[in-house]
Amino acid sequence: MQDTTPGADDFASFVHATGTALYRTALLLCGDHHLAEDLTQTTYAKVFAKWGRVRRSDSPTAYTRTVLLNTFLSHRRLRRSSERPVDRIPEGAADGTDPTVRLDLMAALAGLTPADRAVLVLRFWEDRSVEDTASVLGVSPGAVRTRSSRALARLRERLGDDPGLQLTTTPPASTWETR
Amino acid sequence: MRLDETNLHDRFADVVGGAGVDLHGLAAGAERDGRRLRRRHRLLSVAGTAAAVTLVVGGATVLMGRSPVAPPAPAPATSGGAVSEVPAPRTDEPANEPLQTADGPRVPVTGRATAAALLDLVGQLDDGRALAFAGQQTTPGPGAAMPAESYAALWWQAAGSDVATPVRINVQPGFEDDEVSADPKGYACEEGESMEAGTCELIQPDQGPFFSCREGRLGCTVTREDGMTVVSYEEHNGAAVDRIVDVYHPDTMLRVVVAATDAEEFETARKVADEPPLTLDELRRIAVLDVWGPTIPQAYDDAGSGVAPYQDYSENLS
């Protein structure tokens, strides 16, 4: 499927069109906005280094998201090696939401392994299918289902029995663009 | 609110839905870091799958392959017709990473060796490939007053571009600046006119010293650095832009001129690319290197035998 990202043939325009969404994914993965900024910039730097080819691909956006995930999971991904649960509300967080809930969720995410976190973010934030998630992470679809169930269970455990935060194991229907 | 299958997404949105980042800074920083990544890879993207000539530069190994095609790619028509706006001279902020050159024993310079060196250096500055080469050299006989000179050109196709445009270098040892330090004004006097009366027509304004910002040199700067005179400027031919950096070493009388264009050929108006593949600063970084002279590192001479296709202009010298 041809990528319809506006300005895909111009790197700066591409960053402006996709940067906010990519940063938000990075924020969920990292749990800290400084680390998320580092991860996002590292990702775009790698994309720029190959921009001549990337911009001619079917989906520069999908390629960039894959680079983000791989960079996040890589041992040499960030200048700062330590990750820590967020201890403050990220800038610009949605108004009207209980800040306690936001903190609990981010802290609970931070307690997962990077791979489990990646599965949840891909499946429930980016709404990717099991198959897409498996392809991005380089694992089998069965492994994605197992890891997803396990991560959800751990999330529930960390969040406690608050009825407002109970989760089901039924993932949303995939709305992610196909590659 | 009890979560259902979409609630985790909503909870994620609650946390990060309003989060933002400085996109302008992000793009600029990514571009800067990305350029460093490209240089770090140090692969000269010369097309071809034939056996590569390995050139050792500064301890890192750089592969130089063979170009598969003879002529430069034909230029596609510029969209929307002729370009009406000539861009202002581009002077990017200089990068911090120095260019690396081969070292070791040196041999008499040739066009091929100069082309190999130029390819190495352009490849360190830009992501792309060279499609063709040309060059020449003079071979002074024993006791000759003038040392060997060389010239080389390559047709560079930047990554993501459909066209290749020339980048060239002239290496002229023994260039005597005194001979061309000033071009006198020129007048044409018709019958009945005289210089004394001041009625003759000026046809040649005083050009000033050769290494100066003469008329027609746009965005021109003259700097003195490390004993060198460096003149950087652009020449515009219609919408086409030639970028030239002219370096003169008065102590050794060595002159090195490096140029790039967005046209099919220098000094023509046949613009085929958005801009020349190298900035004035990048051209300067090539021109000021101490690798140039009547001799050149043997590593480039060895690599020069592998650059192809190569047109030898030496055959045209009288």
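**Note on a predicted two-chain model**

1. At 17% relative accessibility, B:Gln137 counts as buried, where buried means under 20% relative accessible area, exposed over 50% and partly exposed in between, with a 1.4 Å probe and protein chains only. B:Gln137 is placed in strand 4 of chain B. Its side chain reaches the backbone nitrogen of B:Gly111 at 2.7 Å; a polar contact is a pair of N or O atoms within 3.5 Å, and within protein one must be able to donate a hydrogen and the other to accept it, while residues adjacent in sequence count only if both atoms are side-chain atoms.

2. The model is predicted: local features need pLDDT of at least 70, side-chain atom pairs count only at pLDDT 80 or more, and totals for chains, interfaces and linings use all residues. Residues are numbered from 1 along each chain as its sequence is written, chains are lettered from A and ligands numbered from 1 in the order in which they are written, and side-chain values use heavy atoms, with hydrogens and water left out.

3. Chain A has eight helices and zero strands; helices (H or I, at least four residues) and strands (E, at least two) are DSSP runs, numbered from the N terminus. Of the 179 residues in chain A, 49% are buried. Among contacts in chain A with a separation of 6 or more, 68% are between residues 24 or more positions apart, a contact being heavy atoms within 4.5 Å. The accessible surface of chain A is about 8100 Å², and carbon and sulfur atoms contribute 50% of that surface; the areas come from the Shrake-Rupley method with a 1.4 Å probe, and for residues only the protein chains shown count as cover.

4. Helix 2 (residues 33-49) of chain A has 13 of its 17 residues buried, so it is largely enclosed by the rest of the structure. The N-terminal end of helix 2 of chain A is capped by A:Asp32, with a side-chain oxygen 2.9 Å from the backbone nitrogen of A:His34.

5. In helix 7 (residues 130-137) of chain A, the buried residues are A:Val130, A:Asp132, A:Thr133, A:Ala134 and A:Val136. They pack against helix 4 (60-73), helix 6 (114-125) and helix 8 (141-159) of chain A. Just after helix 7 of chain A, A:Gly138 adopts a positive phi of about 70°.

6. Chain B contains an open, mixed sheet of eight strands in the order 9-10-11-12-6-5-4-14, two strands being paired if DSSP finds at least two bridges between them. Strand 9 (218-225) and strand 14 (310-312) of chain B each have a single partner strand, so one side of each lacks a neighbour in the sheet. Strand 4 (residues 128-137) and strand 14 of chain B run parallel and are joined by three bridges; B:Ala134 has B:Gln311 of strand 14 as its bridge partner.

7. Helix 3 (residues 111-125) of chain B lies across strand 4, strand 5 (150-158), strand 6 (165-172) and strand 14 of chain B, at about 35° to strand 5. Axes are lines fitted to C-alpha atoms, for helices over the stretch in contact, and angles run from 0 to 180 degrees between N-to-C directions.

8. B:Glu31, in helix 2 (residues 23-41) of chain B, counts as partly exposed at 27% relative accessibility. Not counting residues up to four places away in sequence, B:Glu31 touches A:Phe11 and A:Phe48.
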